[in-house]
Amino acid sequence: MMEDNSKYEPHACAKCGNLHTCTGSYHCWCSQVEMPEKVRDYIMACFDGCLCPDCIEELKRTI
């Protein structure tokens, strides 16, 4: 689960538009998410920006 860190601005998910916190660094919550290379490649090819945890999990199940 994502930690609430008020020093970072919420960002809209590039897929669904829901707000989530992104630190923009290697210490972000998403660096701890395990995902197959094909999912990572798909995200990089199809979206301009970060995805929220729910959308990442959905893509991991469907790709």
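## The nonpolar core

In this predicted model, the largest nonpolar core has 14 residues, and M35, I43, L51, I56 and L59 touch the most other members. A nonpolar core here is a set of buried Ala, Val, Leu, Ile, Met, Phe, Trp, Tyr and Cys residues joined through side-chain atoms within 4.5 Å; buried means under 20% relative accessible area, exposed over 50%, and partly exposed in between (1.4 Å probe, protein chains only). Helices α1 and α2 (53-62) each put at least two residues into this core, and α2 gives the most, with 3.

## The largest pocket

What's the volume of the largest pocket? About 370 Å³. A pocket is an open set of points on a 1 Å grid over the protein atoms alone, where a 1.4 Å probe fits, with protein on both sides within 12 Å along at least five of seven lines; lining residues have an atom within 4 Å of a point. The volume is the space filled by probe spheres set on the points, which are joined across faces, edges and corners.

Of the 18 lining residues, C30, M35, R40, I43 and C50 are the closest to the centre. By class, the lining has 13 nonpolar, 4 polar and 1 charged residues (Ala, Val, Leu, Ile, Met, Phe, Trp, Tyr, Cys and Pro count as nonpolar, Asp, Glu, Lys and Arg as charged, the others, Gly among them, as polar). Helix α1 (residues 37-46) supplies the largest share of that lining, 3 residues.

## The overall layout

The protein has 2 helices and 2 strands, running β-β-α-α from the N terminus on. These are DSSP runs numbered from the N terminus: helices are H or I, at least four residues, and strands are E, at least two. Of its 63 residues, 25% count as buried.

G17 sits in the loop between β1 (10-12) and β2 (19-21), and counts as partly exposed because its relative accessibility is 40%. G17 and L51 are 34 residues apart in sequence, yet 8.7 Å apart in space, C-alpha to C-alpha.

Residues are numbered from 1 along each chain as its sequence is written, and side-chain values use heavy atoms, with hydrogens and water left out. As the model is predicted, local features need pLDDT of at least 70 and side-chain atom pairs count only at pLDDT 80 or more, while totals for chains, interfaces and linings use all residues.
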